[in-house]
Amino acid sequence: MSRASRAEVVLRDKRHVWHPYTPMEAYIREGNPLVVAKASGSRIEDADGRTFLDGNSSWWTSLLGHNHPRLVRALEAQAQEFCHVAFGGITHQPAVDLAEALTLRAPPGLSRVFYSDNGSTAVEAALKLSLQYFHQNGAPQKTICLALEHAFHGETLGVTALSGVAAFSAPFRGLGAFVEHLPTPSDGLERALEALERTLRERGDRVAALVLEPLIQGAGGMRFYDPAYLTAARQLTARYDVLLVLDEVFTGFGRTGTFWAADAAQVTPDIMCLAKGLSGGILPFAATLTTERVFEGFFGDPSRAFYYGHTYCGNPLGARIALEVLRVYDEEHVLERAQAKAARLAAAFAGFGERSGVVRVRSRGMCAALELESPRGGGYLDRAGWRVYDLALERGAYVRPLGNVVYLAPALNMPDEDLQELLDIVGECLDLTLQETRHGS
Ligand SMILES: *Cc1c(COP(=O)(O)O)cnc(C)c1O
């Protein structure tokens, strides 16, 4: 490939490309995007040879760093054999090896693996499994799915209905009649537990599933909550025969310190959704795990089968990489080694929290967040975090915010010196931003 200059790529991009989550009019007028030419380890390199520390593992995917050599080798090895085949009435060893490995790794009782291709489809499959399960197993009145305020579970229409983030769901609100939102434990454990208990007591006989991002509500603003909520949610859903769906798309693969966030409460859900870190940031790949009970609910007459799938279900490249991802966690002791890094991250954020104008600092595992006090009151459309973003980019770090929430979710194996450099840049950019805000006001 002959390489175009940076300016030329941006010019042509602005003529035809529509970017995700991006106000395109402003982007075309003044957007100055990073133009990536390479990435490896914790760094992204642009078309001019400048490098940027990746503060969010590229939307929470490259948990083992970019282009981990073992993952690239697994990709190449599988590509030499075959890249894709249909998965209906066909199987292959990568998908089988991975299903075995995932069920061994998952909380006990999750013994069945349904493959798809991204986080949204992993949760969409979970919704349809839950609703169809009750529809054909003696409780067709169970048609409600419960989700939390500030939840985010992806972008297909079904999971958009679960979303508690207005910026993403407002235009489609009327279409989510099967969803009821509950107060989130990230705004107070007691109130959230009371509401969950009351809802299930009053309407549990009509509820099919409770869908949760365990411990951290990610895209809704890096909102953290107590594992006690998961424990209680498991007990209550069991009591009212409601399926507990844990969306570990962001939290899985060690982000919160344990391999699954569910491990912190020693909870086994009925359904668990995986994507993002599952394929190490190499390509789109997802899995929805469930129990024998749910699986067997689709036995019997063929009309009871799960007539659902995606063209790239069980993609062999993804499966082979995901298997290698699991091996790398074990053989490189990724979680053990991340502990000291997580402590460093937490300490630095605690320090940031001493600055006036910074509120609600929190950290857990390799994830830390803070909020900039903002006259606009926060939320996804707030611009407060974007000044930090711009300043950090000038200094060689990519730290895309969530509105006024500035956070880091770096690779779990980010070298200590890179992590320190990233933290130094964030600290400096916070100081500059806070100074500007004070002078501006
Ligand atoms: C990102 C995310 C999704 C959606 O995943 P996509 O691959 O973007 O479709 C779903 N759930 C959670 C918790 C996520 O963080």
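The model is predicted, and local features need pLDDT of at least 70, side-chain atom pairs count only at pLDDT 80 or more, and totals for chains, interfaces and linings use all residues. Residues are numbered from 1 along each chain as its sequence is written, and side-chain values use heavy atoms, with hydrogens and water left out.

**View 1. The seven-stranded sheet is open and mixed.**
Helices (H or I, at least four residues) and strands (E, at least two) are DSSP runs, numbered from the N terminus. Follow the strands across and you get E4-E12-E11-E10-E7-E5-E6; two strands count as paired if DSSP finds at least two bridges between them. Strand E4 (112–116) and strand E6 (179–182) sit at the edges with a single partner strand each, so one side of each is left without a neighbour in the sheet. From one strand to the next, the twist averages 20°. E5 (residues 144–148) and E6 run parallel and are joined by four bridges, with Ala-147 opposite His-181 in E6. Helix H5 (residues 93–105) packs on this sheet, touching E4, strand E11 (271–274) and strand E12 (286–290); contact here means heavy atoms within 4.5 Å. The direction of H5 makes about 125° with that of E4, where axes are lines fitted to C-alpha atoms (for helices, over the stretch in contact) and angles run from 0 to 180 degrees between N-to-C directions.

**View 2. The four-stranded sheet comes with two hairpins.**
This open, mixed sheet runs E1-E2-E3-E15, and its edge strands, E1 (36–40) and E15 (397–398), each pair on one side only. E1 and E2 are antiparallel over four bridges, and Ser-40 faces Arg-43 in E2. Their hairpin has two residues between the strands, and Gly-41 in the turn has a positive phi of about 60°. E2 and E3 are antiparallel too, over three bridges; their hairpin has four residues between the strands, with Gly-49 at a positive phi near 85°. Strand E3 (residues 51–54) pairs with E15 in the parallel sense over two bridges. Helix H15 (residues 416–440) packs on the sheet, touching strand E2 (43–46), E3 and E15.

**View 3. Helix H6 is mostly covered.**
H6 (residues 119–135) has 17 residues and reaches 24 Å from its first C-alpha to its last, close to the 24 Å expected; that expected span is 1.5 Å times one less than the number of residues. Asn-118 caps the N-terminal end: a side-chain oxygen lies 2.9 Å from the backbone nitrogen of Ser-120.

**View 4. His-153 sits in a loop between E5 and helix H7 (157–162).**
His-153 counts as buried, at 2% relative accessibility. Residues that His-153 touches include Gly-119, Ser-120, Val-123 and Glu-213, not counting residues up to four places away in sequence.

For Cys-273, the nearest cysteine sulfur is that of Cys-145, 11 Å away. Cys-273 is buried, with a relative accessible area of 0%. For Cys-313, the nearest is the sulfur of Cys-273, 14 Å away, and Cys-313 counts as buried at 8% relative accessibility.

Definitions and conventions:
Buried < 20%, exposed > 50% of the residue type's maximum accessible area, 1.4 Å probe, protein only. Polar contact = N/O pair within 3.5 Å; in protein donor to acceptor, adjacent residues only side chain to side chain. Disulfide = S-S within 2.5 Å.
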